[in-house]
Amino acid sequence: MNIPPLACDNCGTEGWRYRRGLCGPCALAADLRGVLDNGDGAIRPELLPFFEGFRTMTNPRAGIQWIHRPHVHQMLRTLADPATPITHETLDEMSPWRSVAYLRDLLMLHGVLPRADRHLILFQRWLRDTLTAVSDPDHRQVITRFATWHVLHRLRRFAERGPVTDKQTDSARIEVRQAIAFLSWLSQRDHELPNCGQADIDAWYAGAYIARRRTHAFLRWAMRAKLLPRMPSRTSPPPTPHPSVSTSAWPCSAASSPTRRSPCSPGSRPPWCCFTPNH
C-alpha cells in the first residue's frame with residue numbers, strides 16, 4: 001500500500017505538517033501575520049522586514065511558542081498598532097526586560113530599529129529601575145545627576161569607540177550602588193552631603209574599604225559639583241592598608257603611644273583617612 005507523502009496545503013513542501021495541514025514555517029507565518037495585524041488585515045509596513053526575517057527561522061516551533069507567550073504577544077500587538085512609534089524609547093517602557101532585549105535585538109537585526117549598543121541600553125533600563133527604588137527624593141535627585149553626568153557619560157564615550165562590555169557596565173552598576181549606599185549610610189548618621197566631613201568619609205571606608213572603595217568616583221564627582229565640601233589634601237597615603245592589620249584596628253584618634261607611630265598620623269594614614277579629590 002502506497003502512503004501518499006505529507007505535503008503542506010499552503011506551500012506544497014513535503015514533510016511533517018505542524019497543524020491543520022500546514023508545515024512549521026507556514027504555521028509560524030500565519031500566526032505571526034495575525035499577531036502583527038494592524039487592524040486592517042495587513043501587517044504594519046515598518047514591521048514587514050521583521051516578519052520576513054522571523055518567519056524563516058530554522059526552528060519554527062520555537063518561534064510559534066515565543067510569539068504566543070502572553071507578554072511577547074502583547075509587545076508585538078503594541079508595535080503593530082500604527083499609533084505606536086516603533087522606537088527604542090517605546091521598547092524601554094515594556095517588560096520583562098529579557099524578552100524586550102531579545103525583541104530589540106531582532107528588530108535591530110532586521111533593520112526595523114537603528115543599531116544601538118545592547119549593554120548600554122540594558123544598563124539604562126537597570127538604572128531607571130534602580131533610581132525608582134530610591135525612596136528618598138533628595139537622594140534620588142543626586143544619584144540621577146551622578147549617573148547621568150558621570151556614569152552614563154563615560155559609558156557613552158566607551159560606546160563611541162566600540163561595543164560596551166559586561167565589565168564596563170558591571171563597574172558602572174557598582175559605582176551607582178555604592179553611591180546610593182553611601183547616602184543612605186550618611187543619613188543614618190544624621191548627615192547629608194553638604195555637612196559631610198572627613199570623619200564621615202573615614203568611618204565609611206573603615207567599615208569595609210575593599211567593598212566601598214568604588215565610592216571614590218561618586219565622592220570626587222560630588223566635590224566637583226559642589227555638593228560635598230572639598231577635603232583638605234594630606235600627605236600621600238600608602239595605596240592599600242597593610243594586609244596584616246585589620247581595618248577595624250585603625251583608630252582615627254589623635255592620641256597614640258609616644259613609642260609607636262599612630263596609624264592615622266600623617267604619612268601613614270590608611271586610604272580612607274586620606275581621601276583627596278581629583279582637582
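**Entry 1: salt bridges**

I looked up the charged pairs and found Glu 93, Arg 128 and Asp 129 linked in a network of salt bridges. I counted as a salt bridge a side-chain nitrogen of Lys or Arg within 4 Å of a carboxyl oxygen of Asp or Glu. By this rule I get nine salt bridges. I note the background: side chains of opposite charge can pair when their charged atoms come close.

The model is a predicted one, so I note that local features need pLDDT of at least 70 and side-chain atom pairs count only at pLDDT 80 or more, while totals for chains, interfaces and linings use all residues. Residues are numbered from 1 along each chain as its sequence is written, and side-chain values use heavy atoms, with hydrogens and water left out.

I went through three pairs and looked up the burial of each partner. For burial I used relative accessible area: buried is under 20%, exposed is over 50%, and partly exposed is in between (1.4 Å probe, protein chains only).

- Arg 44 forms a salt bridge with Glu 46, and the closest N and O atoms are 3.3 Å apart. Arg 44 is buried at 5% relative accessible area, whereas Glu 46 is partly exposed at 42%.
- Arg 173 and Asp 170 meet through their side chains in a salt bridge of 3.5 Å, N to O. Both lie in helix α9, three residues apart, about one turn of the helix. Arg 173 is buried at 15% relative accessible area, and Asp 170 is partly exposed at 41%.
- Asp 200 and Arg 189 form a salt bridge at 3.0 Å, N to O. This pair links distant parts of the chain, eleven residues apart, with Asp 200 in helix α10 (residues 198–207) and Arg 189 in the loop between α9 and α10. Asp 200 counts as buried at 3% relative accessibility, and Arg 189 is partly exposed at 35%.

**Entry 2: the chain overall**

I listed the elements next and found twelve helices and zero strands. Helices (H or I, at least four residues) and strands (E, at least two) are DSSP runs, numbered from the N terminus. Of the 279 residues, 42% count as buried. I also looked up contacts, meaning heavy atoms within 4.5 Å. Among contacts between residues at least 6 apart in sequence, 61% join residues at least 24 apart.

Two packed helices are described by the angle between their axes and the distance between the axes. Axes here are lines fitted to C-alpha atoms, for helices over the stretch in contact, and angles run from 0 to 180 degrees between N-to-C directions.

I find helix α7 (residues 118–132) packed on helix α9 (residues 166–188) at an angle of about 15°, with the axes 10 Å apart. That makes α7 roughly parallel to α9. The cut-offs are under 35 degrees for roughly parallel, over 145 for roughly antiparallel, 65 to 115 for roughly perpendicular, and oblique for the rest.

On the α7 side, the residues in this contact are His 119, Leu 122, Phe 123, Trp 126, Leu 127 and Thr 130. They meet Asp 166, Thr 169, Ala 172, Arg 173, Val 176, Arg 177 and Ile 180 in α9. I sorted the residues of this contact into seven nonpolar, three polar and three charged. Ala, Val, Leu, Ile, Met, Phe, Trp, Tyr, Cys and Pro count as nonpolar, Asp, Glu, Lys and Arg as charged, and the others, Gly among them, as polar.

**Entry 3: α7 against α8**

I find α7 and helix α8 (residues 137–161) packed at about 175°, with axes 11 Å apart. The two helices are therefore roughly antiparallel to each other. Their contact residues divide into ten nonpolar, two polar and two charged.

**Entry 4: two residues of α8**

Leu 155 lies in helix α8 and is buried, with a relative accessible area of 0%. Leaving aside neighbours within four places in sequence, I find Leu 155 in contact with Leu 120, Phe 123, Val 164, Gln 168, Thr 169 and Ala 172. The C-alpha atoms of Leu 155 and Thr 165, ten residues apart along the chain, are separated by 9.5 Å.

His 150 is also in helix α8 and counts as buried at 18% relative accessibility. With neighbours within four places set aside, His 150 is in contact with Arg 145, Glu 175, Ala 217, Trp 221 and Arg 224.

**Entry 5: the buried side of α10**

Last, I listed the buried residues of α10: Gln 198, Asp 200, Ile 201, Asp 202, Trp 204 and Tyr 205. They pack against α9, α11 (209–212) and α12 (216–224).
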